[in-house]
Amino acid sequence: MEDNQFTQMPNYGKNINYPDDDKSAKKHTVAVSKIRCSASQLVAVLATNIAKFTHGTLLGYVTIVLAELYKEDAEIDMTLNELTWFSSNCFMSPVGALIIGLLTQSIGSRYSIMIATILQTISWVMFYCATNSAMLLIASSIVGFVYSVSLGPGCTYIAEICQPDLRATLLASNNLFLLIGNFCSVLLGTMMNWRSIALVNCSFPIVGFIAMYFVPDSPHWLASKGRMIQAEHAMAWLRGWTTPQCIQQEFSTLKEIHHNPDKNLVTNLSNKKNISGSSRTCLNLKETLRPYLQRSFCRPLASACCIFALHTFMGSLAIVTYIIIIFEMIDSPVEKYTAAAIFDGLKVCASISCIIVINYIGKRRLVFTSMTGTIMSYLTISIVAFLVSQNYISTVYSWIPTIMTMFATFLTSGGIDKVVYMLNVEIFPTQFRGIGAGIGLFLSSFLSAVVNKIFLYMVNGMTLPGVYLFFATVNITALILFYFMIPETNGRTLKEIEDHFTGVKKIKRRPKNTLETS
């Protein structure tokens, strides 16, 4: 048995046949320690996570500014309609999701993230310089646009560069940095003015841009573009800063995945010269759309859209946006800004717990556990808040909705909120991942914008207890549907996940614990 200090990397050059006179290549084929192999992936993920951290600071900042603008003596006057548009900054996310989805297919996840850091810098500058509601709404719309970049290309990049045994943990770390950024902004909100916070946070996207400049592109994306030499060197960098000879087995698998030419398409292209006019246009359109009508794309897309639609109306995203206002509505015994800081701190703790437990219990169990606890919490909040509002019980019991709101957020932040975005980048084949994940995020962002836009109106019409009851009902429905829809992708290679959705081979509902390479 090999020493555990060495990762089960593809053959380390043991089975490679070299020419007799090629002594130098064989000389450089050496074992790479598991620590070194993991470290190279961690460095690349850390660069991505800096951009994610920056967007987390933006999301937390929007919550702070929203609470300031909601005051009667706000520095900048905004109507209720403008406030709801400001809070639903993700109304631009659907646009960002489609544009970035298409752009990622062309330029790759790495460059998409770099573009996001530039937009984040512009947003911070606009927040700092804002003198009227229009400037705030434009800055908020940029935040919404970049949100899709943070969730799409960021997660896609991590999913494609990491080995199966590290993928779930490092994807969870991506969300951890988002929550840490959110927490830092809220924490700063207890100590300084909202304009000063914008000035402080302006430096983070610049650091993120520099970090992404020095890491390689995804080997999967490079291979899909036929850039095999660059893909080989990128994979060697990501597997312990080693030589291409050490990753030949894994790289051979990668080449097989991306070397499946469509013979019928080649025949059609060769016959194009004999076709003219509208017939050629129709043929071009058919050839463009044909890959997206395959089962390998349509089935994952249907699953992603359904999961995102249910997740959005489960309420966790809207509650995060309006949490300071919610604490004020339920008459929290803790000062609202302090409660919000505790709230975001719990989200960070939940994300850390997700990183720790996800490889042990798998994604399915994590989802079902978090959703069950969330349902019980929302029902408790609805009942107690209703009894307090009707004076059936004393306001001294208002601590119960406060505690249960934090408990529910801990469960969702460490469970379903993480897993849905992991699945969105795992279930699509490489050639469709950018567009597929983009469409999924488009739906999620659009529905999130709708929910954020109508949340205050829902509270006015249904009361806060009624809104929580609605969220609990959606969670119950989603729990039943997710049992049949969500496969256990933990420990599975991206090829195994693709085979599951194309019907080649079903994935078992239990997580796979063996260490493999994707």
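**Entry 1: the main core.** I started with the largest nonpolar core, which has 122 residues. Phe-86, Phe-127, Leu-136, Phe-455 and Phe-482 have the most contacts inside this core. I then looked up which helix gives the most to the core, and found helix 17 (residues 336–389), with 17 residues. Domain 1 (33–215) and domain 2 (295–509) both contribute residues, so the core lies between them. A reminder to myself: this is a predicted model.

**Entry 2: one of the core residues.** I picked Phe-455 and listed its contacts. Leaving out residues up to four places away in sequence, Phe-455 touches Ala-318, Tyr-322, Ile-326, Leu-464, Val-467 and Phe-471. I also noted a second, separate core of 10 residues. Among its members are Trp-221, Ala-223, Met-235 and Ile-247.

**Entry 3: the protein overall.** I counted the secondary structure next: 21 helices and zero strands. Of the 518 residues, 56% count as buried. I also checked contacts with a separation of 6 or more, and residues 24 or more positions apart account for 78% of them.

**Entry 4: helix 14.** Does the length of this helix agree or disagree with its residue count? Helix 14 runs over residues 295–312, which makes 18 residues. At 1.5 Å a residue these should span 26 Å, and the end C-alpha atoms are 25 Å apart, so the two agree. I wrote down its buried residues too: Ser-296, Phe-297, Pro-300, Leu-301, Ser-303, Ala-304, Ile-307, Phe-308, Leu-310, His-311 and Thr-312.

**Entry 5: Ala-304.** Is Ala-304 buried or exposed? Its relative accessibility is 4%, and the cut-off for buried is under 20%, so Ala-304 counts as buried. Which residues does Ala-304 touch, not counting those up to four places away in sequence? I found Asn-424, Ile-427 and Phe-428. I also looked at Val-420, which is 116 residues from Ala-304 along the chain; their C-alpha atoms are separated by 8.1 Å.

**Entry 6: helix 7.** My last stop was helix 7 (residues 194–201), where Trp-194, Arg-195, Ile-197, Ala-198 and Asn-201 are buried. Looking down the helix axis, I see these buried residues within an arc of 160 degrees, so they line one face of the helix. The general rule is handy here: an α-helix has 3.6 residues a turn, so residues three or four places apart point the same way. At the N-terminal end I found a cap, Asn-193. A side-chain oxygen of Asn-193 lies 2.8 Å from the backbone nitrogen of Arg-195.

Terms used
Residues are numbered from 1 along each chain as its sequence is written. This is a predicted model: local features need pLDDT of at least 70, side-chain atom pairs count only at pLDDT 80 or more; totals for chains, interfaces and linings use all residues. Side-chain values use heavy atoms; hydrogens and water are left out. Helices (H or I, at least four residues) and strands (E, at least two) are DSSP runs, numbered from the N terminus. The expected span of a helix is 1.5 Å times one less than its number of residues. Buried means under 20% relative accessible area, exposed over 50%, partly exposed in between (1.4 Å probe, protein chains only). A nonpolar core is a set of buried Ala, Val, Leu, Ile, Met, Phe, Trp, Tyr and Cys residues joined through side-chain atoms within 4.5 Å. Domain bounds come from an automatic or database domain assignment. Contact means heavy atoms within 4.5 Å. The arc is that of the directions from the helix axis to the C-beta atoms. A polar contact is a pair of N or O atoms within 3.5 Å; within protein, one must be able to donate a hydrogen and the other to accept it, and residues adjacent in sequence count only if both atoms are side-chain atoms.
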